[in-house]
Structures are given as structure tokens and as C-alpha cells.
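Hi there,

Here is the structure I promised to pass on. Have a look at it first, and my notes follow below.

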Amino acid sequence: MKKITDNITSCGILNPNLRVFDIVMRTDFGTSYNSYVVKGSERTAIIDAAHGRFGGLYLEELREALGGAQPDYLVVNHTEPDHSGAIGCLLDVWPDMKIVTNAVAAKNLRQIVNRGGLPIQTVKDGETLSLGDRTLRFIIAPMLHWPDTMMTWLEEEGTLFSCDVFGCHYCEPGALDTHIAWPADYETAFRDYFAGIFGPFAPHVQRGLQKLAGLGLQRVCPSHGPVLTPGCRLEYAMESYRVWSLPQVNSQFSIPVFYCSAYGNTRRLGHALREGVLEARPRALCELHDLVDCDMAAMGALLNASDAFLLGTPTLNRGAVPPLWDLLSRADAVNMPGRPCALFGSYGWSGEALGQLAGRLAQLKCKLFEEQMKVCLVPSEEDLARARDFGRRFAESL
Ligand code: FEO
């Protein structure tokens with residue numbers, strides 16, 4: 001438990017050992033599940049809960065922060081289970097506590113807590129809730145990063161409880177940004193968190209920032225990572241979000257070629273395709289990336305920032321090889337529709353891999369080139385000439 005102001009206490013959970021969040025996101029610096037207690041002269045609110053795995057420990061922290069007070073409200077800014085998982089534990093102790101949230105989150109919550117008669121009070125954008133001498137105002141912020149997201153503004157203290165926004169998977173004992181011991185690691189975590197969580201929703205970030213303009217923020221209390229304060233990390237966080245959420249236009253047309261190759265055959269096709277691409281678009285950035293020995297997170301970022309892309313795989317065990325699936329699992333499904341792409345690969349027996357990848361690309365609504373560059377075993381000089389022609393025609397189609 002850490003005091004933020006006389007009326008705000010942080011009482012979340014530190015999880016320094018977490019190394020993977022939500023299956024796909026690396027968390028080299030652990031994380032925290034932040035929760036806050038806000039005391040008014042008449043009523044007390046908890047802002048966001050914590051991960052269900054830490055329910056018992058979280059209750060201890062919460063009780064200490066409450067200092068004997070009964071919580072009147074639990075404000076749920078977002079229902080992802082890292083913040084909603086412990087709600088059942090809270091209701092076991094305080095069954096009469098009102099859950100204050102928006103209509104979308106309320107629907108989710110009924111499916112998460114799975115008990116009848118939840119004491120939910122739904123709120124709309126701009127609506128307020130009085131705690132006596134403290135007032136909470138709710139800012140609905142859909143798609144930051146779920147449809148249910150809202151933020152909570154504590155008017156009298158200039159404090160924004162920003163949900164995942166401005167958060168990061170970073171864990172240190174101090175609650176405030178003024179005590180960050182490893183600033184470079186914090187900035188890495190902050191940047192990666194934005195890229196992984198908010199990157200696909202950049203237009204919504206812009207809209208969210210507009211809603212915050214003019215509030216006069218004195219501090220931001222996110223649901224992961226340190227509390228942000230003026231003169232320390234608050235301005236950095238706001239400006240980073242502004243810049244990172246601007247529409248991205250590549251200065252050089254980007255057509256990465258991602259591939260795996262067991263015996264060099266698919267690789268040779270990739271090189272020939274690249275030559276063809278550069279014949280048609282000499283100024284394009286068209287580089288080959290072997291997915292076996294690479295930073296897959298960086299490859300995912302490259303894929304998502306591309307203007308078009310090529311995927312090459314051999315067929316192993318009647319399918320595409322795992323690194324290709326890993327790469328596609330990182331595709332930003334929100335912004336991938338219409339992205340031009342093409343498939344190539346060498347095969348030995350039956351060559352099902354490209355058809356499988358085509359199915360996934362169709363699910364992502366990519367614009368798949370109508371032909372596939374498929375060669376049985378070792379590409380001949382004729383095959384390589386065909387691949388160059390394929391690459392040229394693909395680039396000309398863009
Ligand atoms: Fe930290 Fe979207 O949950």
C-alpha cells in the first residue's frame with residue numbers, strides 16, 4: 001500500500017516475475033496490477049481490482065488501504081481479467097458494494113463474475129459520482145484497448161485513473177515515476193506496451209487524447225506501471241502517445257520478404273522474387289528476413305508496418321512451418337485488411353503449406369496475389385526466372 005495523496009492510496013499487486021502476458025507479450029520487467037482507493041468525505045471508492053490469482057494478497061492490501069472504511073463503490077474501468085479477476089473475492093467480503101461501470105463492461109462482467117444479481121450501476125460518458133467532497137467523472141474511451149474501456153477523472157485532485165492507457169509492464173516497489181530506478185528499461189516497457197496494446201488502435205488513441213485535452217492533469221494513475229506526474233514522466237507519456245498514434249506513412253515503400261528454408265530452396269526463390277520486385281520498384285525497401293534466427297517481435301512490427309509483404313515456406317508435415325504461424329499470429333488484425341501479399345515456397349511431396357497460409361491471410365482479409373510461386377524441390381534456372389517475373393508482376397500490381 002502506498003499513499004499517493006491524502007485521499008488516494010495505491011493498493012495493487014506487484015508481479016515482478018511475470019515474463020509473458022496474455023500468452024504473446026514478453027514482460028521482461030514484470031508487471032503490476034494497480035488498484036486505487038479514493039476516499040471522499042462521505043463515501044469510498046475502489047478504482048479497478050486486480051488479477052484473480054492474487055485475490056488473497058490483494059484483499060490484504062486493500063483492507064490496509066481502506067483503513068477500516070467500507071468501500072461503497074468499485075469502479076471498473078475495463079474488464080480484462082488482469083483487472084477483473086479478483087472482483088468475485090471483493091464481492092464475497094463486501095456484497096453490498098456497488099459496481100460502477102459502463103454498459104459494455106457490465107455485459108462482460110456478468111460473464112466474468114458468473115453470479116446472479118450483481119449490484120451494477122451503469123454510467124455514461126461525462127456522468128459523475130459524488131463521494132462527498134470528491135467527485136468522480138467517467139470518460140468513456142472505447143477501443144483503448146477494448147470496447148468496454150473507460151477512464152475515471154477525480155476532479156478535485158486533477159487525477160486521471162487511465163486504465164491501461166499510459167501504463168506499461170514494469171515493476172518496481174515505488175508507486176511514483178519519481179522513483180524509477182531503471183529509466184531505460186521503463187522506456188522500453190512503455191514503448192513495447194504501446195506497440196503491443198494500442199498500436200492497432202491508433203485512431204482511437206488520438207480520439208482518447210482529445211478527450212483528455214484541457215483537463216489539467218496533476219497525475220495519471222494507470223492500471224499497470226508507475227503513477228505519472230508533471231515534470232517527471234507525464235509529459236513524456238502524453239507526447240509519446242501523441243506521436244506514436246499519428247498516421248504512419250513509410251518514407252520508403254516497404255515490401256519485406258519473410259521466409260523459412262530448410263535446404264535453401266525457398267530462400268533462393270525469395271532472392272529471385274526480391275530481384276523482380278526491385279525491377280518494378282527500384283526504390284522500394286525489400287529485404288529478406290529468415291524467420292528461424294530472428295527477433296520475432298521485431299518481425300511482427302515489420303509486418304504490421306509494411307505496405308505489402310511476401311511469405312515463403314517449405315511444406316513440412318503437410319503444412320507451413322511454425323515460424324510462419326508465429327509471424328502471422330502477430331499480424332495486427334485491425335489494420336491488415338486490404339494489405340497486398342503473395343506466397344512462395346519449395347516443397348518435396350505435396351506442397352500444402354501455401355494453401356494453409358492463404359487461408360489465414362483470407363481470415364485477416366489481406367489482398368492475396370492471385371498466383372503462388374511454388375516449386376518442387378530445387379528451383380531450376382527457369383524456375384528462378386519465373387520467380388523474378390512473379391516478383392516483378394506482384395510489385396507492379398501494387
Ligand atoms: Fe491490463 Fe487490458 O488489461
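A disulfide is taken here as a pair of cysteine sulfur atoms within 2.5 Å. Please keep in mind that the model is predicted.

With that cut-off, the count of disulfides is zero. C260 takes part in none, as its nearest cysteine sulfur belongs to C294 and is 7.9 Å away. C260 has 4% relative accessibility and therefore counts as buried. What about C341? The closest cysteine sulfur to that of C341 sits in C366, at 4.6 Å, which is too far for a bond. C341 is counted as buried because its relative accessibility is 0%.

On the overall layout, the chain splits into domain 1 (2–244) and domain 2 (257–396). The C-alpha centres of domain 1 and domain 2 are 41 Å apart.

The other residue I wanted to show you is R339, which you will find in the loop between α10 (322–329) and β20 (340–347). R339 is buried but has no salt bridge, and the nearest side chain of opposite charge, D332, is 5.7 Å away. So which groups does the side chain of R339 reach instead? One is the backbone oxygen of S306, at 2.9 Å, and another is the backbone oxygen of N304, at 3.2 Å. Setting aside neighbours within four places in sequence, the contacts of R339 include L303, A305, D307, A308 and F309, along with C366 and K367.

Happy to talk any of this through.

Best wishes

Notes. Residues numbered from 1 in each chain as written. Predicted model: local features only at pLDDT ≥ 70, side-chain atom pairs only at ≥ 80, totals over all residues. Heavy atoms only, no water. Buried < 20%, exposed > 50% of the residue type's maximum accessible area, 1.4 Å probe, protein only. Domains from an automatic or database assignment. Helix = DSSP H or I, 4+ residues; strand = E, 2+ residues; numbered from the N terminus. Lys, Arg positive; Asp, Glu negative; His and termini not counted. Salt bridge = Lys/Arg side-chain N within 4 Å of Asp/Glu carboxyl O. Polar contact = N/O pair within 3.5 Å; in protein donor to acceptor, adjacent residues only side chain to side chain. Contact = heavy atoms within 4.5 Å.
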